[in-house]
Amino acid sequence: MKETNIIFGKKSFAHKKIKIFLYMLFMGTFLTACGKAEKGNQVTEAVYLGVENYGAEEVNKDTKEDFSYRFEIDGRETILKIDSGAKNEEGEYTYPIQNLLKEGYSYTIHIENGTVKAVEEKVVSLDYSLPVEGEPGKCTLKNFLATAVMPVGNTLYVYGGGWDWQDVGTAIQARSIGVSEDWVRFFREHDENYTYRDKDGDEAKKDPANSYYPYGGYNEYYYAGLDCSGYLGWTVYNVMNTEDGQDGYVVPSTKFAKSLADRGWGSWTQEVQKPLDRASSEFLPGDVVSISGHVWMCLGTCEDGSILILHSTPALSRKDQPGGGPEFSAIGEDRNCDAYVLAETYLSKYFPEWYERYPVALKDYEQYTAFEGEYAGKFSWNLTGENGGLSDPDGYRNKTPEEIMEDLFQNLHK
């Protein structure tokens, strides 16, 4: 507020008293109007800045009902409460507004007595294109794989990305058709120095207040990218649906493969053998494989027995920062294996910006098929199209990874 100066000049004392009265009346009205931003009703423009004291030990999932939130209003920071919504059948709040807010985004917010009751995002569209695009609602194996390629090269790994803010279900972005502009925006805001957790992957450098990792047990950055189960959940949603806002498919990574089998869409097993070559492999295109704490998708087994996969993983960047995201990787003996060469060929050619940040990740077979516990295992589609599952009119199950990649990217080859 600018300083107000009153100059009385050579006037009578009575006139001075009138001036003083008018000044006090003005200031009282002004202060009352200012107070309405906190105590009355107001509709105003604001930028969301995040949870107050984010990263502090006491700001965690068990105290989220009492959180305060930071907004920039008229160039200054304002602390407000946010309505937590109704309670569900389990007696938990649904946090509908928190599941819409994204740090650094602009909103029209509705405030009642210091509490945000509703928000509308000020949408700013981005311009981007995708090398491969799936077709919403087309339940074929080819479309499942094509859809899975869509977030490759434009989406970063965020732990909890694709889960909702309170970390109990599917985020809005993972129940929406198409690649989210939120993911693309977050990718463009970062470079190879991005880390999903701690700098250099060193826990000694832990910095919760400035980290994208959900140390508090809730997902402040649910919207910004995808973790492994968020990625597969979004992929399944886009194959099974044609519109936004339906029930989601995100479940814990270790349970993901079995959750598909439980829907009646295919078979699940923990009995697999390491392939010596493609002919002996039990890992088929479209298979979804859950291990302890991770889930990945198979694009097929190469002639030398190496496996080409798609997954969202916190791979190391060329600056040795754990960042990554949805990408092609290889399961094989070394970087000369067929799957690694294939992944590198396509990432470097069709996703150059990504490839400049991230080299291809090589994974170990034993680690990526360690089926511990009762849920981890390999799921294979039955491909009959029954029970709402997938069919295979394009014969993708019998194609090699080389043939699949060639076909998916066929319109781009020169």
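Reader: Why are α4 and α5 called roughly parallel to each other?

Author: Start with the values in this predicted model. The axes of α4 (residues 228–240) and α5 (residues 253–262) cross at roughly 25 degrees and come within 9 Å. Axes are lines fitted to C-alpha atoms, over the stretch in contact for helices, and angles run from 0 to 180 degrees between N-to-C directions. Angles under 35 degrees count as roughly parallel, over 145 as roughly antiparallel, 65 to 115 as roughly perpendicular and the rest as oblique. The α4 and α5 angle is therefore roughly parallel.

Reader: What makes the contact between α4 and α5?

Author: Contact means heavy atoms within 4.5 Å. α4 brings Cys-228, Ser-229, Leu-232, Gly-233 and Val-236, and α5 brings Ser-253, Phe-256 and Leu-260. By class, that contact has 5 nonpolar, 3 polar and no charged residues. Ala, Val, Leu, Ile, Met, Phe, Trp, Tyr, Cys and Pro count as nonpolar, Asp, Glu, Lys and Arg as charged, and the others, Gly among them, as polar.

Reader: What makes α2 roughly perpendicular to α9?

Author: α2 (residues 141–149) and α9 (residues 401–408) pack at an angle of about 70 degrees, with axes 11 Å apart. That value lies in the perpendicular range, so α2 is roughly perpendicular to α9. Lys-142, Leu-145, Ala-146 and Val-149 of α2 meet Ile-404, Asp-407 and Leu-408 of α9. This contact divides into 5 nonpolar, no polar and 2 charged residues.

Reader: How do you know which residues line the largest pocket?

Author: A pocket is an open set of points on a 1 Å grid over the protein atoms alone, where a 1.4 Å probe fits, with protein on both sides within 12 Å along at least five of seven lines; lining residues have an atom within 4 Å of a point. The largest pocket has a volume of about 360 Å³. Of its 22 lining residues, Lys-102, Tyr-105, Glu-121, Val-123 and Asp-182 are the closest to its centre.

Reader: What should I remember about the numbers?

Author: Residues are numbered from 1 along each chain as its sequence is written. Local features need pLDDT of at least 70, side-chain atom pairs count only at pLDDT 80 or more, totals for chains, interfaces and linings use all residues, and side-chain values use heavy atoms, leaving out hydrogens and water.

Notes
Points joined across faces, edges and corners; volume = space filled by probe spheres on them. Helix = DSSP H or I, 4+ residues; strand = E, 2+ residues; numbered from the N terminus.
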